Structures are given as C-alpha cells and as structure tokens.
Amino acid sequence: MSVLSLKGVTYQYEGTKKNVLKNINAEFEAGKVYTIIGKSGSGKSTMLSLIAGLDKCKDGTILYNDADLKTIDRDVYRAKNIGVIFQAYNLITNATAVENIVLSMEISNSSVKNKTDFAYELLEKVGINRETANRRVLKLSGGEQQRVGIARALSHHPDIIIADEPTGNLDRDTEAEILKIFTSLAHDEGKCVIIVTHSKKVTLIADTIIGISNGKITVFKENTKN
Amino acid sequence: MYILKNAFRNVLRNGGRNLLIGAIILAVIVTSVIALMISNTASGIIDDYKSRFGSQVQLKPNMDKVRKEAQEKSTNGLMRIATPTIPSDQYIAFGESDYLQKSEYTASTGVNNDKITAIAADKGGGSGMMMAGNIGGSSGNKPTQFMMSLRGNQFTDFTEGTRKLAQGKMPSKKNEAIVSTDLAEANKIRIGDKLSLQGEVKNSEKGTTAATSYEVTVVGTYYDATEEYAEGAMENAYTNRRNEILTTYETVIQQLKPNMDGGIRINATYYLKEPGMLDAFAKELYAKGLDEKFDVATDEESYNKIVGPVEGLKGISVTFMIVVLIFGGIIIVLLSSMAIRERKYEIGVLRAMGMKKWKVALGLWSEMLIITSLCLVFGLGIGSAAAQPITDTLLAQQIESAELEAEEQAQQNSGGMMMGPISMSNSASSAEPLRNLDISLGSDTALQIIGIALLLASIAGLISISRITKYEPIKILMERN
C-alpha cells in the first residue's frame, strides 16, 4: 500500500510560467528505497520539497496515507511523519550535534524519555562519537555534518525519509555505511526512503529508480522483491 | 519548556549580538528607572502640596482695591488706608459651608494694662491703622493707642520653631495665656498671675467704641526668636512681637459685641473638601456678604515657589524618558530586524523541522525577555543608586534658575512707590522651595519599569513575529543553498 501518492502534481516557480513538474503521478510504498535521478534543474529537489511539505504544488494532490497534504497540518507532518536530509545539511550551526538531535525530538514531541542519551545513541549509529557530538556543528567537517543531518532525520521515527544527495560529501566507507542504514531502515524497519542522487552507487540500493526529465518522470527500475 | 531552554541556550550562544541589544535595553531601563523614580516622587509631592495649598483658602484684602478706594476718598492730600475687616459673625457664617471640610480661626485685639510696661514702650503705642500721604494734614479722631496685643490661636511660630515654651504650658482653656520671657522678666510676671487687660471694640461705620476687658491667667512663658518687628511695619510697642500675649481663640472673641465690627480682628483659614471647589466657595462667600475688597484665594505664589522647581524637575525627567524611550525603541527595532535577518537561516531550519511559526516567535520573544529581565535586574540596581545624586543635581539647577528668574522679575517690578507696610502689599512669598527630594523605588515605579521592559521586549518580539510570518522555510533554505 502506498504511504505517499503524487496525483497529477504540477509545479511552477513564482513569477514564471514554465512548469518545472508536469502532471506527475507516482506511488511510494513503505519498506522500499526509491532513488530519483535526473540532470541539474530537472525538478528533483523541487519534487522532494513538495513531498517534504516545504512547498505546495500548483495543481494535483500529494497524499500521505490518503490524506491530502493541503488539508493536514504540514508543520506536524514535517515534525512527525517525514525526516528530511538536506544536501546543505541545514543544521542549527551554533548548537552542538547532540543539541540538534534533541531539538528535533522536542519539536516532534517525541515520547523518548531520555532524549539526550537517545541522541548520543543515534549519532553513534551514524558514526559520530560522543566527543564530536558535543561540538558545535560549525566545527564539524562536511561529512560529519551530513551524518548529524541523517541522525536528525531519524530521530523522530518518521514513516518517510527523504534525502537530497545524502552521500555527496562522504568518503566511500562512510557512504557505504550510510547506504546500509538507509537499506536497513526500508527493508528492516519498513520505512519509505526516497533519495535524490547523482551517485550510481546509491541507485544500486534502490528498489525503484525514478528519472525526471523535462518535468516528467520515468520509472527505470521496479524491484518487486520486497 | 524546550522553547525556553533553547532560548536560554541561544542567549549564551549569540553572546556578542545579545550584549549589544542588552546594552541598549539596559541604557533605556536605567534612564527610565531614574526618570520614573524622580517623576513619581515629584508627583507625590506635587499632589500633596496641590491638595494642601489648593484646599487651604484665605480671605485676603486686595490691596490694589483698598488703595484705589483710599485714593478716591482722600481729602487734603491725606490718604487714610484702613485695612478692610470682616465682621466676626461673617467669618463664622462663612465657615458654615458644604464646600468645607474644616475651618481654623485666629483672633487678635489691642490691649493695655497700666501695671505692665510693654517692651519698647518708649516708642509709643499703635492702633493697627495705617497712615500714608501728608502726615501734617487733618486726621480726624485719633484712635486708641495700645501697647500690647492679645492673640488667640496664633501658635504657628511654635510649630515653625521660632518660638518655644520656656515655662509652664500652652494655653488650652478659655482665659489662659502665655507671655514672652522678655515681657515676663521686665514686669516680674509669674505663672499663675492674673492679668487684667483693657481693649475696645468699635463700630467702624458710626465711629463709636465700647471698652472691653479680659482677665487672663498666665499659664506659661515663651522664648521668642522672631524678628521684633515685621519687615516694613511701623515700630512701636503694639507692633513689637515681644508684647504679644498668646491665648485661645475663644478668649479673644468672648468680648465681641453686637454691631461692633472693629477692634477684634478675626482671621479664618478654610479648608475645602476639594481644591476644585474654590470658585463655588468664593461665589457663596460674596453672596453671603463678603466685601468685594477681599479676595478668596489659595496661596498660589507659595505653592509655585515651593513646588515650582520640583515640577520643573518632573518635566525634565518625563521629557528625557520619552526621548530615550522613542530613540531606544527605534534602536531596538533596528537591532531586532538585523538580528532576525541574521537568524533567517536558523528560522528556516526550525520551520523545516516542523516547528510552528508561533513557537519560533515565542522562542525569539523568550530570548528578548531573558535579556530584558537581566537588564531589568541590573537596571533597577544602577538606576536606584544613580537616581538620588542625579535628582540633587537637577533640583539644585532648577532652584537656581527659578531664583534667577524671580530676581529678574523683581528687578523688572522695582521702581514703583510702595504704599503701606510691606506685609500688606502683594509682596513675594516668603516660602522656601523644596531643596531636598528623597527618591526611593516604590512598588508602583517598579511595576511601571517592568511594564516598560515588557514593552521593549514586546516591540522586539513583534518585529520577530512580523518577519517570521513572512518567511517560508523553503525560500530561506533555497536562498542559503
């Protein structure tokens, strides 16, 4: 069953007449990894923003568990149902890594009792030790910031995890580790993982590969094993 | 709760920027504390004096009208100025008014005693009448000359400290009296002595007189540090203040006789229920027959002299506070706008994480509240410590400028001929301005300061809210990316 459905989604930037996305129809199921590929400016990130509830489409609907994003509280949706990993990390830079995670849990009103301990555990899981976790984000390397971003996206146990070029700043070993986490999240924990990427390595873990070109999508690979 | 926790962390994280905002808020709060402390203390004093002076009504002869009438009636170049009098029954009738909360009466009359030698007896006696113009002209019937005066309920010198009881007690019953130590020593008057005093009452219209007599018992003596003669007064035994025999009001007026309106002078001070009732009370008095030559007035001149510098001080402090609040407010608005612009990215991230707009705004407002609260604590301390010396300096300047102004005014007014004793003219008030203002931080002032601090924090908070409502997270993040 689809956890997320795009039905006739059309989008254009403010002040322009050109449709970046044209009548997009797609289904995203729980327990699967999706990768979205395409050239720069093809609309991949825009599609991600729409799915993340950060923007609204001009026409069409995006349904989360059959509820239209236009009618539900998108703040709550972002806080609880979806985890976003940004290409530019988008962390609170003057806070520590662990504070970023705890803050995300606070915003999502997480029921975890000891949020700080849980945040350390989560960071440990993505390769951030306690010492690094207590440093301000600004003092971390790009790779470390990306891991913090991933940990933050996972902190509130969302149904959907979307990532914009999540391994772009990581070394090979770390990339492999992170991809393992994504695969595990989808296949073991039943999350829907949607990754925008240019990396071939990332597309290898995908159950479904969606290509975007000229505002339209094409499904390249449909893995029905899972 | 996490919003507050996060706000605390942010205050510490953004130390430099918050220090700058804090310095501005502290400056505004310190200024407001000082200004409000001065203003509120001054207001309390002004209100107090206003109600005191505004409700204390006196019936004073309008000397311009008196002189004018005397000029019109003058014959052979002799101008006879007679102080207009109010019949005692009128004084009492005036006191029965719904506008008054109370009335205080004093009375005085000239008296003689053959066995007592008055102080300065060699200067002769007096009658209380004033003469001006050509002394050599005809003066008609010569009024009775008195060597002493019997004064009822005139004890203000004791409260002002220029007279002090030397022996015995103050007169409290009818026919009890005290005399000056000078008069007592000169005449060997002792406590318990009975004095026979002779006076007179008269009908000023018909010119008829009737003898009066008093039998008073000396119950005490008093030291007298007042000037022997009032400034500008004719010098004789009657006007010599050492010859004043002080008694109760009832003692003096017991010799009032029907149809005799002169000889015993009664003075009354009426206390209005509210200062605003003055005009209505004056109307009532004129309707009851008060001579038009009398003014029904409050002591505005003394009030202005005493309270004028304090009012000036209050004006300065309030103006200064308003200016500081306006400028401080503008600076805080600018700083807040800049701070929000700087934190646009952070707001975008929080919104992208699903934080609601109002929670983001609440967080920013909480940060301002924390900064403001800290400034409030320091501001109240610094302001309270600085308020007194600043007040002293400003008040001294106000008094100096008021005195200079008064001097200039006096110079402008000089050059005319003064007729009659100075005490009867429209001379400047002898009241002294308030030279000390004890400034303290009252609960009202503290609440007002807290209100101002909250206002400042809210101004900054409103800026944040107005900005945040316009920000869309995706736009902020896209700009950043």
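Across all chains, this predicted model holds 26 salt bridges, each being a side-chain nitrogen of Lys or Arg within 4 Å of a carboxyl oxygen of Asp or Glu. Side chains of opposite charge can pair when their charged atoms come close. One such pair is Arg13(B) with Glu99(A), whose closest N and O atoms lie 2.7 Å apart. That pair crosses between chains, running from helix H1 (residues 2-13) of chain B to helix H3 of chain A.

Residues are numbered from 1 along each chain as its sequence is written, while chains are lettered from A and ligands numbered from 1 in the order in which they are written. Local features need pLDDT of at least 70, side-chain atom pairs count only at pLDDT 80 or more, totals for chains, interfaces and linings use all residues, and side-chain values use heavy atoms, with hydrogens and water left out. Helices (H or I, at least four residues) and strands (E, at least two) are DSSP runs, numbered from the N terminus.

**Where chain A meets chain B**

- In contact terms (heavy atoms within 4.5 Å), 26 residues of chain A touch 24 residues of chain B.
- The two chains bury about 2200 Å² between them, with 55% of it on carbon and sulfur atoms; buried area is the accessible area (1.4 Å probe) that two parts lose on being put together, summed over both.
- Five salt bridges are counted between chain A and chain B, and Lys356(B) with Asp75(A) forms a salt bridge at 3.8 Å, N to O.
- Helix H2 (74-81) and helix H3 (97-107) of chain A each supply at least two residues of the side that touches chain B.
- H3(A) gives the most to that side of chain A, with six residues.
- By class, the side of chain A that touches chain B has eleven nonpolar, six polar and nine charged residues; Ala, Val, Leu, Ile, Met, Phe, Trp, Tyr, Cys and Pro count as nonpolar, Asp, Glu, Lys and Arg as charged, and the others, Gly among them, as polar.

**Strand pairing in chain B**

- Strands pair when DSSP finds at least two bridges between them; E3 (residues 100-111) and E11 (residues 264-272) of chain B run antiparallel and are joined by nine bridges.
- Within E11(B), Arg265(B) stands opposite Ser108(B).
- E3(B) also pairs in the antiparallel sense with strand E5 (residues 148-152) of chain B, over five bridges, and Val111(B) has Met148(B) in E5(B) as its bridge partner.

**The sheet in chain A**

- Four strands of chain A make an open sheet in the order E2-E1-E4-E5, with antiparallel pairing.
- Strand E2 (21-29) and strand E5 (67-68) of chain A stand at the edges with a single partner strand each, so one side of each is left without a neighbour in the sheet.
- Two bridges join strand E4 (residues 59-64) of chain A to E5(A), and the partner of Tyr64(A) in E5(A) is Ala67(A).

**Around Thr217(B)**

- Thr217(B) is found in strand E9 (residues 208-224) of chain B.
- Thr217(B) and Asn175(B) are 42 residues apart in sequence, yet their C-alpha atoms are 6.2 Å apart in space.
- Leaving aside neighbours within four places in sequence, Thr217(B) is in contact with residues including Glu176(B), Ala177(B) and Asp193(B).
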